[in-house]
Amino acid sequence: MKNSVKETTELDNISRALVELLKKNHDSFKSLFNVQLDLLKLFDKQVNNLEATGYCDYEVAYALYMIIIQLIAVMKDKSNSKTADIYNGIQQSIRKKASNFKKVLGYFKNDDDEKDEDPLINRFKSLSGEKTHPATKIKKELIYREWITPVELERTLREKHVLLIDYRPKKDYLHNHIKFDNLINIEPRQIESLPESSTDSDLEEVLRVSLSEEEFQMFLIRNKFDLIVVYNYNYGSTSKERLYGILDLLEKENPFTSLIGILLNNKYISSRLKIAPSFLSGGILNWYHTLGADYLETSSIKNGDCLKEETRYLTSFSDYLSNSKESSPSEVTLANENNSAYIRPVQKKVEQFDSIPPKSTATVYSSPKVELPLTPTSSTPNSPAPPLQPLSSNGKSPNNVTAKDVTVSSKKSQFLESYATGLVNLGNSCYMNCVIQCLAATPQLTSFFFPTITESFSDHSYKRHINVNNKLGTKGMLTTSFVELILSMLNNNGRSFSPSKFKKIMGSLSPARQFASFDQQDCIEFLNFLLDALHEDLNQVTIADPQERKMITELTPEQEKNREILPVRLASTIEWERYLKLNFSIIVDYFQGQYLSQLKCLECGFTSTTYNAFSILSLPIPEKLNKSMKVSLDECLQEFVTTELLDDNNKWYCPNCKKFTKSTKKIAITRLPQVLIINFKRFKMTASGGFHKLETFVTYPVNEELDMTPYWPDVGSTISANNSMSIEREKEILSTFPVRSQVPPFKYKLFGVANHYGNLTTGHYTAYVHKSSDSKKARNWCYFDDSRVTFNKSPNDVLNKNAYCLFFQRI
């Protein structure tokens, strides 16, 4: 910060510019009158500070009075007979402030020009009844600024001993904050909980619990710092000219008033600050816009303590399996040897930023206008070391298998895609059998569980990826049982096998032992349970701390506002990266996609958008007057993304209107997986509370391709009228994120169909699964009816009206 103030001629020019802006925004006498009242209050505050402490923000005080003087002339031109008394009253009030202005003006005078009034003259004035005031002792050596710009703060951090206070909720602080060692977080709710007469000692007791020991000790010696600077998200002006912040003071109440008041209300003289705290104009958002991503950092929570850290994105499933935890910390240089608290980042042109901190405990969205950057300095993560090759049960490395093993392994792909084993019905277990047949034919699963196939199928390397510490999983019991079942199917190729062991283990692990009975069940419910259990067993990211999980899963109001105005492709990507902080497994990597759901109030226009992961895309079946008419899969997809009107008993509660309002609901697919599972909603609740099955024939491509590209939102796609981001800017930001297979076109080939016959209680399930043929046997489409297997079925048979769930493989 400069050790000088602006010349009065420069302040006069700034004041005139501010007056012109005020005239444009306030063209009536009433409006100008209200502005004058606010300006007078701000001026009185500066004078009161001067009289109480011997200093004030002289530039602001001078500019305020000059604006007041000029505006009274504008008010005169707009005054009439009805407002004449009001005008005269405020004019008299301004004249009375002239003596106070002289005190402020005294700061700008040269010392040799200042001469004390003759004491005899003062005595004469006193005897004549004229009021006199003792001269205020002005501390010219103190340069105080009520608020400072990011450039001024950056310079001050290098030159002075400064304490920063991040005055935002803890969650926002963890998302992003200024990169500086002498930094503490005080939450607004902590100040709001204190009585108005509270002292700094009262605040100490509150912070003793919330701050770390190091941070609390820093606060205890606050009187040792040259300056304390407070900031929140975006309060104050973003102008490079500091004094333009006067306009913000007129429009918005200063959120730091209570905090600063407590800091200055000292119980003990020993804790008195060297100078009153300042606030950062425009908050952390302006700090970022001015200085860039290198001047921000993020924190995570561990055992209740905040830890500052740096990391990189994990770009693929193999990254997680490699257990590589190396990071690439940003390059920094020590800016000032004498003030080691401030590490100044190397200056770089800020072109890449990310709305979510790649290693913070929560996402993203820190702004209703722009995403705060919290990516690593380099947008391209270092390639992790390749996964260590596990030893097999006989002590051999997979790289040293025998010639016999190599011969068998070379046929791995063909065998995994051609084996056909029936599954015995254990009593209404057809719902399980049809799903297992389809999943067992999914290349991503079989290749993961059997990366190398020897004669004995002895490769159990998948077990090293089981997360036994995940409380949401089964400690690997279900996954191991599932793999053993597939292994038994491989060993019984061409025959049938009883999945009784798997059924028993799976049933005991299911919620409320739902699948332990021999009752008929919905195959979609079973499929959801199985995929979820496999995911949690193999989830490579486990965060046990409930507070940390909450910070990741819940968004702040600022983040929610920002999400509403971002382009769909960018918002989807950001949300996906946030989702991966708690969920990363082979199931997520291959089976899960994402869709958005937006609710919009038709009265005020308020929107609320959520991004949800899915493993199964459940599609409605459009109902037609002619029940015998066929419906295409594309029509089901169109029905899924059609905007729905919410009215009558189905109204949405708008948080802005604070009432149930007529609204719309819009759904759009935002990410497409490698394995796309589509389920038709065939069961519909009736008015009496029962279920009715829709027997509509839904057509779908069997040997043809399914092109989902039209349903995938490309760059530039929006669902908000408030989006103003250019396509070029969106592409630039997206380039800093991992692609994660989201590159069009999205074309799929059908490889499995689960069929349902009958009704909900007395139905039967079968499956069509495509298998590879060889010189010995033509398999193609195989029909699995529990233990019975029929080969080489016609595509016309596969396309049937009983189709309930479709399995597609991206090609």
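**Reading the chain**

Mentor: Buried residues make up 51% of the 811 residues in the chain, where buried means under 20% relative accessible area, exposed over 50% and partly exposed in between, with a 1.4 Å probe and protein chains only. This is a predicted model: local features need pLDDT of at least 70, side-chain atom pairs count only at pLDDT 80 or more, and totals for chains, interfaces and linings use all residues. Residues are numbered from 1 along each chain as its sequence is written, and side-chain values use heavy atoms, with hydrogens and water left out.

Trainee: How many helices and strands are there in the chain?

Mentor: Helices (H or I, at least four residues) and strands (E, at least two) are DSSP runs, numbered from the N terminus. The chain has 29 helices and 30 strands.

Trainee: Which residues of helix α10 are buried?

Mentor: In α10, residues 200-210, they are Asp200, Ser201, Leu203, Glu204 and Leu207. These residues lie on the same side of α10 because they cover an arc of only 145 degrees around the axis, the arc being that of the directions from the helix axis to the C-beta atoms. Their cover includes α9 (188-192), α11 (213-220) and α13 (257-264).

Trainee: How is a sheet to be read?

Mentor: Strands of a sheet pair through backbone hydrogen bonds, either parallel or antiparallel. Here, two strands pair if DSSP finds at least two bridges between them.

Trainee: How many bridges join β17 to β20?

Mentor: Three bridges join β17 to β20 (residues 663-671), and the two strands run antiparallel. Glu644 has Lys665 as its bridge partner in β20.

Trainee: Is Lys771 buried or exposed?

Mentor: Lys771, in strand β27 (residues 764-771), is buried, with a relative accessible area of 2%. Contact means heavy atoms within 4.5 Å. Leaving aside neighbours within four places in sequence, Lys771 is in contact with Glu417, Ser418, Tyr419, Ala441, Arg779, Asn780, Cys782 and Phe784.

Trainee: What separates the C-alpha atoms of Lys771 and Glu417?

Mentor: They are separated by 5.6 Å, although the two residues are 354 residues apart along the chain.
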